[in-house]
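Student: I have just opened this structure and would like a guided look at it. Could we go through it step by step?

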Amino acid sequence: MPGINGVDAARGVRLARPGIPVLVMSAVAPEDVIVQALIEGAFTAIRKPFDFTILVEILESALQHKQVLILQSAAARSPIAGPLEAAGVRVISTADEEEALRIVARSSVDVCVVDVDTVSGRALEIFERIRAASPTASLLATGSVGSEILGKLARIPRTAILRGPTKVPDVIRS
């Protein structure tokens, strides 16, 4: 695309057709450009070359209009919900573990962000229950992830861990 990069193209598409999922593909874009596209609302980004089956999965996911679920206490109010919503991502926030599990079981949740501090000593159990309810959802543990459960969480498929304060670019990368 002479004279324009993927971020500019994604921005233009989102301005012309708000709500349409935008997939950014690149063989050469630096990570900061990819992250910027995601922050500005691209549905996802993949690097070329890629496995065609992965592309099909991504497109199916985009067409299903999935969403991000944030399980976090009301007092902790996620700093990532607002920027994700501004980027066009559907975000559901709850402080109730059982409600989060009901949401995962009945809706198209693509990513579950769980503040480990909110679920205290039950983090591993909650992650396992979410995984059972939605085998394809990506899980992201945030907050004070202690060393006693770090390894166990890391063994749950499609799980990423962000220890410490949560920042939007870190969540998007994960």
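Tutor: We shall go from the whole chain to its sheet, its core and some single residues. This is a predicted model, in which local features need pLDDT of at least 70 and side-chain atom pairs count only at pLDDT 80 or more, while totals for chains, interfaces and linings use all residues. Residues are numbered from 1 along each chain as its sequence is written, and side-chain values use heavy atoms, with hydrogens and water left out.

Student: How many helices and strands does the chain have?

Tutor: There are 9 helices and 7 strands. Helices (H or I, at least four residues) and strands (E, at least two) are DSSP runs, numbered from the N terminus.

Student: What share of the residues counts as buried?

Tutor: Of the 174 residues, 39% are buried. Buried means under 20% relative accessible area, exposed over 50%, and partly exposed in between (1.4 Å probe, protein chains only).

Student: Now the sheet. What is the strand order?

Tutor: The open sheet of 5 strands runs β4-β3-β5-β6-β7, with parallel pairing. Two strands pair if DSSP finds at least two bridges between them. At the edges stand β4 (91-94) and β7 (159-163); each has a single partner strand, so one side of each is left without a neighbour in the sheet.

Student: How many bridges join β3 to β5?

Tutor: These parallel strands are joined by 5 bridges. Ile-70 stands opposite Val-113 in β5, and Leu-71 stands opposite Val-114. On the other pairing, β3 and β4 share 4 bridges, also in the parallel sense, and Leu-69 has Ile-92 of β4 as its bridge partner.

Student: Why is β3 described as largely enclosed?

Tutor: It is largely enclosed by the rest of the structure because 5 of its 5 residues are buried. Gln-67, Leu-69 and Leu-71 point one way from β3, and Val-68 and Ile-70 point the other way. As a general rule, side chains in a regular strand alternate between the two faces of the sheet.

Student: Which residues have the most contacts inside the largest nonpolar core?

Tutor: They are Leu-69, Cys-112, Phe-127, Ile-130 and Leu-153, in a core of 21 residues. A nonpolar core is a set of buried Ala, Val, Leu, Ile, Met, Phe, Trp, Tyr and Cys residues joined through side-chain atoms within 4.5 Å.

Student: And what does Cys-112 touch?

Tutor: Not counting residues up to four places away in sequence, Cys-112 touches Leu-69, Val-104, Ile-130, Ser-138, Leu-139 and Leu-140. Contact means heavy atoms within 4.5 Å.

Student: Which residues of α5 are buried?

Tutor: Glu-97, Ala-100, Leu-101, Ile-103 and Val-104 are buried in α5. They cover an arc of only 160 degrees around the axis, which puts them on the same side of α5; the arc is that of the directions from the helix axis to the C-beta atoms. The face turned away from that buried side carries the exposed residues Ala-105 and Arg-106. The cover over the buried residues of α5 includes β3, β4, β5, α6 and α7.

Student: Changing topic, where is the cis peptide bond?

Tutor: It joins Lys-48 and Pro-49, with omega of about -10 degrees. Pro-49 lies in the loop between β2 (44-47) and α3 (52-63).

Student: Last one: what is the phi of Arg-158?

Tutor: Arg-158 has a positive phi of about 60 degrees although it is not a glycine. Arg-158 lies in the loop between α8 and β7 and, at 45% relative accessibility, counts as partly exposed.
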